[in-house]
Every structure is written in structure tokens, then in C-alpha cells.
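Visitor: Please take one part of this model and go through it strand by strand. Then move on to other parts of the structure.

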Amino acid sequence: MNWKVLATEASTSTRSKSMAGRRVAHRLIAMFCVASLGLAMAVAPVAGSASAAAKKTNITYWFWGEGDIPGITKWMQQRIVTYQTLNPGVSITLVPQSDSTIIPSFALAAQNKSGPDIDTQWATLPVLLPALQGGVTPISKYVKSSETSKWLNTSENEYKGALYAMPLYVIGVPLVWNKKLFKQAGLDPNKAPTTWGEFLADCAALKAHGITPLGMGNKDGDFGAWMFAIYEKQALNSISQLTEGVANKGNDQAKLLASLTKMYTMFQGLMSKGYINSNVASLDFAQGWQLFPQGKAAMSFTTDGNALAWAKTIGQANIGVGEPPIWGTGTLAKTYDATQSSSEFITSWSPNKKADAKFLAWLHTPSNMVALNKETGAFPADSRFPKSNITNSLAKTLDGFDTAGTSIWLENFIPPSIDTSADRPAGQLITSGGTAASAVALWKQQLQLWQSQQPTQFNQFKTWAGASS
Amino acid sequence: MGPALVALGVVFVYSFVEVAHYSLYAGSIGQLTYVGFSNYRELFIDPQFVHAMFNNFRLLFTVPIVTILSLALALVINTTFRGVRAYRAIVFVPYILPATAMGLSFSYILQGNGILDGLLKNLHLSFLIHDWLGSPSWVMFSIGSVIVWQQFGFGVVVFSAALLAVPGETIEAARIDGANWWVVQRKILIPQIHRIIEFFVILQAIIVLSSVFTYIYVLTGGGPGYSSGVMEFFIYQNGFENGSIGIASAAAVVLLALASVLIAIYLWVRTRAAKEVN
């Protein structure tokens with residue numbers, strides 16, 4: 001606009017062309033000076049912030065946890081805000097992950113060596129297999145053992161003396177029962193079925209009174225995976241019986257398949273006797289769980305968090321919690337079913353590993369752990385968490401189950417692709433009327449397919465299984 | 001022309017060459033092992049893939065059902081009556097519904113002891129009660145029914161548009177000659193739109209062969225077990241969930257080959273139609 005005006009003035013002046021020219025030149029110089037000053041003023045703060053940005057440590061955190069602990073994402077967001085206030089030089093971007101993206105998204109990121117600086121995966125093999133492929137940096141390299149020794153269930157992510165990931169919470173899987181419905185069926189409402197015989201007897205009594213004994217959902221395969229985690233474990237004397245079977249070592253696969261046959265036969269028996277809700281195959285896990293608080297099923301396998309939530313729905317006096325009844329005769333049958341479930345780790349390509357580790361370790365400070373428990377009800381995976389914060393008697397019992405003895409969640413010890421392609425579909429076969437033989441045949445076929453389709457991963461698994469046995 | 005060819009080359013040819021290339025490897029990207037054509041051999045002895053392919057072929061049965069139902073309704077609403085436009089819009093609604101909303105709704109309707117079972121019970125038809133999505137024997141029938149329900153509206157719109165293009169004089173002449181409603185439909189209208197019917201049938205066949213992933217994903221996730229798996233879902237599970245890019249790519253090549261046969265038939269039909277017009 002100004003250029004046009006100047007040009008017009010210059011061309012229309014009838015007095016002196018040279019004067020007009022000088023005037024234009026003066027104006028141009030003046031404008032240039034003003035523009036330069038303005039530009040300098042405008043650029044100065046940008047340049048300042050650019051240098052500050054250059055100094056700022058940016059951390060991208062792909063986080064998952066909501067599926068286990070509703071409300072944990074909000075807790076994490078609040079922690080990040082606090083951490084950034086305490087550490088103005090650090091900027092953390094939280095990217096929540098869903099159940100279906102957690103594994104494939106990280107697999108893609110690991111291939112490209114870009115994406116998150118900190119990532120969440122489910123514990124054990126979903127962490128350790130990428131670690132064996134060079135995608136994970138051991139957290140024990142950056143966090144002192146005096147700190148990591150306070151974290152619970154760390155053995156789930158250890159390999160050759162290194163700790164690869166950090167736990168945030170511990171989640172247990174108890175059996176819950178509805179005391180009112182037990183009473184209605186003539187059962188002792190205060191007695192948990194502890195042996196398999198007692199469990200079957202309770203189921204029979206409940207069914208005879210028109211009550212669905214066990215309410216679950218398996219459309220997504222989760223219930224089948226839980227049956228594997230809880231009951232296949234009870235058939236084993238050690239985890240290596242599973243891992244060496246998966247690694248196809250000697251005759252171990254045949255032994256593993258034989259023990260799976262027994263477990264699936266037991267599972268099929270529960271189905272054929274009508275001890276599990278008839279629509280289990282078409283309800284997803286969360287829908288199946290709703291049968292319990294709705295009073296439509298007398299028992300359920302669930303999480304600590306659900307047990308506490310349901311106690312509010314049906315009344316704490318009406319809910320009983322116990323360890324899953326013992327079916328198997330293996331040494332591991334005596335262990336409980338708690339896990340850190342998800343684990344936080346530093347990726348090998350992160351440029352700020354020290355800063356990542358500092359933030360992760362900071363999450364374990366007592367005030368953060370107390371807030372985690374207060375805001376979500378989750379039991380923090382830290383021995384420094386003051387138990388005095390757990391005041392509810394039911395929560396105390398559940399925390400006792402989780403921390404009293406050894407816990408193993410067997411699903412963590414199979415490769416994620418076997419979990420998806422064999423474990424879950426095999427359980428679905430059982431809940432949709434299939435036989436134990438068909439479920440085990442599926443396992444066998446998928447183990448062979450994995451061996452031929454993922455030769456590198458198979459060899460890494462074999463190495464890990466050999467070192468871990 | 002040049003840029004268009006380059007774009008076509010990048011989008012289609014490069015992608016296809018990459019997929020075909022990966023089909024010769026085992027493992028995940030970054031740790032691939034050359035295995036030649038063994039992925040193709042493995043595919044055809046893999047019960048899950050064979051079953052998935054069989055399921056795709058089973059879904060072809062939905063094609064005549066959708067075609068007949070939508071053609072019949074299009075013929076009925078072809079005559080002008082009050083509210084015909086609203087009616088056409090209503091039958092089209094299922095086609096534009098988001099897949100997730102549809103999946104959620106039908107999950108509740110078709111699950112064991114769900115809305116459909118409740119309705120059957122109230123109608124004293126308990127012998128018809130099933131776990132429609134949870135039973136391997138019924139799950140493909142249920143998915144097929146949902147496909148028919150959603151594609152039906154599209155068929156009605158396609159056929160209605162074709163019927164509106166039929167010259168009114170032809171119908172008028174037939175009526176003057178004493179043709180009744182049924183004769184007009186059978187002898188005049190249907191023959192006049194047979195090219196559109198052929199197009200629709202081939203299009204539907206391509207859809208059920210290579211574009212039913214959404215239905216499977218939202219309704220059953222391929223389950224129970226692998227009973228409702230289709231080829232696309234096999235590709236997704238192996239490629240994305242299991243990271244087995246090789247076998248997933250081999251399955252994609254097979255699926256593309258099968259879809260190409262249908263596309264070739266479609267092109268042949270079009271060429272024949274163009275020749276007839278000329």
C-alpha cells in the first residue's frame with residue numbers, strides 16, 4: 001500500500017523530479033529503519049525463546065494404564081504438570097495408548113528408532129523382547145539400585161542382572177463372591193471356595209438354585225487368557241516348563257501341550273456343566289464383569305479395582321474376596337496372581353535418557369504414590385508406600401493377597417503374538433463350545449507358525465528362555 | 001497425463017511391488033529373512049487362512065440377497081406415492097451409519113440373551129434363540145445379515161436412480177398395450193436397468209471379498225477363535241498384531257488376485273455394455 005502511494009506521488013509530482021526522488025529516498029530509508037527496528041524487536045524475544053527451547057529437554061511419553069486403573073491417565077497428567085513446574089527445563093508430552101495400539105505402535109517405533117522416549121508395555125515379554133532387539137535401555141543403568149530395590153515385582157522385567165522397566169502399580173486377580181447369592185443357595189456366605197472340589201460344589205449348589213455361578217465375558221479372549229494365566233500356571237512346577245515348551249526345546253512342547261489339554265478340559269467342564277454364563281462368548285470382558293454387580297452371577301474373577309468398586313455397588317458386607325481356588329498340583333499352584341501388569345521404560349533411541357530416568361524415578365516419590373492410591377484406588381508398586389493409607393478393610397485384604405507371597409501372571413511369559421494368536425483364540429474356542437483338543441491343536445499350529453514366521457524373535461525368545469530357566 | 005501416471009505409479013504400483021516383495025520374507029521389518037515362495041505354501045496349509053477364504057466365499061451369498069431385496073424395494077417405491085422421497089432417505093440411513101455405532105448396536109442386539117433373543121423369547125420362539133455372535137455355527141450368518149442390512153440401502157438408491165432414468169414413454173406405451181404392474185416391472189423396467197444390476201452385483205462381490213474388515217472388527221474381532229475371520233482380518237492380525245509382515249503380504253497378494261478376477265469381470269461387462277450402446 002505504502003509503496004503504491006510513494007510510487008504515485010513520485011510519478012505525479014510536477015515540481016521537481018529530483019526533489020520528489022529525494023523525498024522518496026528519504027521515506028524509503030525512514031521506512032527501512034522503522035521496519036528494521038520493528039523486525040529486530042519482534043525477532044528478539046523469538047530468538048530468546050528459541051535458545052531456551054534449544055536448552056529445554058523434551059520427553060515424549062507413550063502411556064497406557066487406563067485399561068487397568070481407570071483414572072491413572074489423569075493422575076499422570078497431573079504429575080507431569082507438577083514435574084514441569086519443578087523442572088522448568090523439561091517438557092513432557094503424554095500420548096495415551098489404547099489396548100489395541102500399545103504393542104503395534106511401539107513395534108513400528110522400534111523399527112524406525114523414533115517415537116517415544118518413554119513407553120509403556122505390558123510386563124515381561126512385551127518389554128524384554130523389544131529389549132533383546134535393542135529397543136529398550138535398562139532403567140537400572142540410570143536409576144540407582146537403592147531406589148529400584150524399593151519397587152515391587154521388578155523381577156518381571158529383569159534379564160541377565162539388568163532391570164529394564166519400572167512398575168507403577170500392582171494389580172491382583174482375586175475371586176469375588178456375592179454373599180447374598182451364596183446364602184440364597186444354602187452356602188456359607190463367609191467361606192471362600194479354596195479347593196477345586198469346594199469350588200465345583202459351590203457352583204453346583206448355585207446352579208441348582210437358578211443362579212449363574214461364574215459371570216465372565218470372553219468375546220475379546222481376555223477371560224480365556226486369564227484362565228490360562230491362573231490355571232495353566234497351577235499345573236506347572238516352574239515357569240521354564242512353559243517357556244521351554246514355547247521354545248520347542250526337546251520334548252518340552254509335547255509336555256506343555258499335554259498340560260494345556262488338562263487345563264482346557266477343566267475349562268470345558270465348567271462350560272458344559274453350565275457353571276459359566278451361557279452368553280460368555282458374546283460378551284466382552286467388561287460386559288461379562290457387569291453380571292456380578294448386577295447380581296446376575298454369584299462369582300467372578302476380577303481385578304482389585306473392580307472388587308473395590310463392586311463393593312460400593314452391592315455393599316461391602318455382601319462381597320467376599322479370596323484367592324482363586326486351587327485346581328492344579330504344580331508347585332506354582334501356591335503362588336498368587338498379581339502383576340505390575342504394565343511397565344514403563346526408556347527407549348534406546350531417547351536422546352535424554354538421564355532426564356527420562358529422573359522423571360520415572362520421581363513418579364515413585366511417596367507423595368506421588370499416595371496420590372496414585374488416593375485418586376485411583378490402585379496399589380502402588382513401591383514398598384515405601386505407607387500402608388496406613390489403605391484404611392478400607394477390603395482393600396487391606398486385597399493388598400495382603402498382592403504382597404504377601406510370590407505372585408506370577410503366566411500370560412506375561414508368552415510372546416505377545418502367541419498370546420494374541422493362540423492363547424486368546426483357544427480360550428474363545430472353549431467358551432463357544434469347542435473341545436480341549438481343538439484348543440490345543442490351535443496352540444500347536446500357532447507355535448509352529450510363529451517359529452517359521454518370526455525366526456529372529458523365536459531365537460531371541462529361546463535365548464531369553466534359556467537364560468531365565 | 002505425466003503427473004497422473006507418476007501418482008498412479010507411486011500409489012498403486014509401488015505399493016503392490018512392496019507388498020509382493022515382502023511376501024517373500026519372514027519376520028518383522030528390520031529383521032526379515034528371505035524365504036522365497038514358502039509363505040504362499042504356508043498360507044494354503046494354514047487352517048486359519050483357508051477358513052478365512054472360505055468365509056469370504058460364504059459371504060458371497062449375501063450378494064444375491066442384497067440385490068434381490070433392494071431391487072424389489074426400488075421397484076415398489078419407484079411409483080410415486082406420498083412420502084416416497086422420505087422413504088428412500090430412510091432406507092439409505094443404514095449405509096451412512098458409522099461402522100462403530102453399527103457394531104455396538106448389533107453387538108447388543110445379537111449377543112447371547114441380547115435384544116434379539118429377548119424378542120424371540122417374548123414371541124414364544126425360544127427354539128430360535130442362539131448366541132448369534134458367540135457361536136461358531138451362527139456367527140457368519142449374523143455378520144452376513146448385518147452386511148445385507150447395511151448394503152440394502154445402497155442398492156435401493158442405486159436401483160431407484162436407474163429406474164428414474166427409464167423413459168416414461170416406454171412404460172406408458174406398455175400400459176396402453178394392456179401390461180399390468182408385474183409385466184411392466186418384469187418386461188420393461190428390469191431389462192432396462194440390467195447393466196446397473198450387473199454393475200451392482202460385481203461391486204457387491206468385490207465388497208464382500210475385500211472390504212468387510214470393518215464388520216468383522218467391530219462385531220466379533222474375528223472370533224470366537226478364528227471362526228469369523230476373513231482374508232482381510234487375517235492380513236491385519238498377522239501384519240499388525242503379530243508383526244509377521246511376510247505371511248500378511250502373501251495373503252494380501254492372494255486377496256488382490258481374487259479381487260482382480262472380479263474387477264476384470266466388471267471391466268468386461270462395462271466394455272460389452274459400451275459396445276452395445278455404440
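Guide: Start with a term: two strands pair if DSSP finds at least two bridges between them. The model is predicted.

Now the sheet. Four strands of chain A form an open sheet, in the order β10-β11-β9-β12. The pairing is mixed. Two strands stand at the edges: β10 (212-214) and β12 (319-322) of chain A. Each has a single partner strand, so one side of each is left without a neighbour in the sheet. On average, neighbouring strands of this sheet are turned by 15 degrees against each other, direction ignored.

β10(A) pairs with β11 (residues 297-301) of chain A. The sense is parallel, over two bridges. Which residue stands opposite A:T212? A:A297 in β11(A) does.

The axes of α9 (residues 222-234) and α11 (residues 252-272) of chain A come within 10 Å. They cross at roughly 115 degrees. The crossing of α9(A) past α11(A) is right-handed. From α9(A) come A:M227, A:Y231 and A:E232. They meet A:S259, A:L260, A:M263, A:M266 and A:F267 in α11(A).

Then the cores. In soluble globular proteins, nonpolar side chains tend to be buried together. The largest nonpolar core here has 124 residues. Those with the most contacts inside it are A:I139, A:Y164, A:Y169, A:V176 and A:A439. Domain 2 (58-169 + 340-389) and domain 3 (174-336 + 411-468) of chain A each give at least three residues to this core. Apart from it lies another core, of 50 residues, among them B:V66, B:F159, B:V212 and B:M231.

Take A:I139 on its own. Neighbours within four places in sequence aside, its contacts are A:L163, A:Y164, A:A165, A:M166, A:F345, A:I346, A:A357 and A:L360.

Now the contact between the chains. Chain A puts in 29 residues and chain B 31 residues. On the side of chain A, the elements giving two or more residues are α4 (102-112), α17 (416-431), α18 (436-453) and α19 (455-468). The largest share of that side, seven residues, comes from α17(A).

Last, chain B itself. It has 14 helices and two strands. Its C-alpha trace spans about 75 × 60 × 30 Å along the principal axes. Of its 278 residues, 35% count as buried. Among contacts in chain B between residues at least 6 apart in sequence, 70% join residues at least 24 apart.

Key: Residues are numbered from 1 along each chain as its sequence is written. Chains are lettered from A and ligands numbered from 1 in the order in which they are written. This is a predicted model: local features need pLDDT of at least 70, side-chain atom pairs count only at pLDDT 80 or more; totals for chains, interfaces and linings use all residues. A nonpolar core is a set of buried Ala, Val, Leu, Ile, Met, Phe, Trp, Tyr and Cys residues joined through C-beta atoms within 7 Å. A residue is buried if 20 or more other C-beta atoms lie within 10 Å of its own, exposed if 12 or fewer, and partly exposed in between; C-beta atoms are placed from the backbone. Domain bounds come from an automatic or database domain assignment. Two residues are in contact if their C-beta atoms, placed from the backbone, lie within 7 Å. Axes are lines fitted to C-alpha atoms, for helices over the stretch in contact, and angles run from 0 to 180 degrees between N-to-C directions. A crossing is left-handed if the near helix is turned anticlockwise from the far one by less than a right angle, and right-handed if clockwise.
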